[in-house]
Amino acid sequence: MLHTVEAVINEKGHIEWLEKVSIKGARRVLITLLDEVEPRDEVLAAAESALAEDWLKDEEEKAWEHLKKEV
């Protein structure tokens, strides 16, 4: 099964994952180097707008209601 995960590789070759990654055992990877690093804020804003439709559904509000604290 293929799974794409976004990350940034710095000048020293260290990888900074841009999302949570759980790896069990050794895995083979393919790395595609892109021209430039997209600012993380822009990535988060794009994700938020893409997910906003689902987040704002009544079912979502009900599902997370138990986590809301009374003020």
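Here is a short chat about a predicted model of a protein.

Visitor: Hi! What elements are there in the protein, helices and strands?
Guide: Hello! The protein has two helices and two strands. Starting at the N terminus, the order is β-β-α-α.

Visitor: And is the protein compact or spread out?
Guide: It is more spread out than a compact globule, because its radius of gyration is 17 Å, well over the 11 Å that the globule rule gives for 71 residues. The C-alpha trace spans about 45 × 30 × 25 Å along the principal axes.

Visitor: What share of the residues is buried, then?
Guide: Buried residues make up 0% of the 71 residues in the protein. As for the surface, the protein exposes about 7,700 Å², and carbon and sulfur atoms supply 54% of that area.

Visitor: Changing topic: what's the mean pLDDT of the protein?
Guide: The mean pLDDT is 80, and 90% of the residues reach 70 or more.

Visitor: Which element has the lowest mean pLDDT, and which the highest?
Guide: Helix α1, residues 40-55, has the lowest among the elements, with a mean of 74. Strand β2 has the highest, at 88.

Visitor: How do the lining residues divide into nonpolar, polar and charged?
Guide: The lining of the largest pocket has 17 nonpolar residues, four polar ones and nine charged ones.

Visitor: One more spot. Where does histidine 66 lie?
Guide: Histidine 66 is in the segment after α2, the helix of residues 58-64.

Visitor: Is histidine 66 buried or exposed?
Guide: Histidine 66 is exposed, because its relative accessible area is 61% and exposed means over 50%.

Visitor: And what separates the C-alpha atoms of histidine 66 and glutamate 16?
Guide: The C-alpha atoms of histidine 66 and glutamate 16 are separated by 33 Å. Along the chain, histidine 66 and glutamate 16 are 50 residues apart.

Visitor: Great, thanks for the tour!
Guide: You're welcome!

Technical notes:
Residues are numbered from 1 along each chain as its sequence is written. This is a predicted model: local features need pLDDT of at least 70, side-chain atom pairs count only at pLDDT 80 or more; totals for chains, interfaces and linings use all residues. Side-chain values use heavy atoms; hydrogens and water are left out. Ala, Val, Leu, Ile, Met, Phe, Trp, Tyr, Cys and Pro count as nonpolar, Asp, Glu, Lys and Arg as charged, and the others, Gly among them, as polar. Helices (H or I, at least four residues) and strands (E, at least two) are DSSP runs, numbered from the N terminus. The radius of gyration is taken over C-alpha atoms; the globule rule is 2.2 Å times the number of residues to the power 0.38. Buried means under 20% relative accessible area, exposed over 50%, partly exposed in between (1.4 Å probe, protein chains only). Accessible areas come from the Shrake-Rupley method with a 1.4 Å probe; for residues, only the protein chains shown count as cover. pLDDT is the predictor's confidence in each residue, from 0 to 100.
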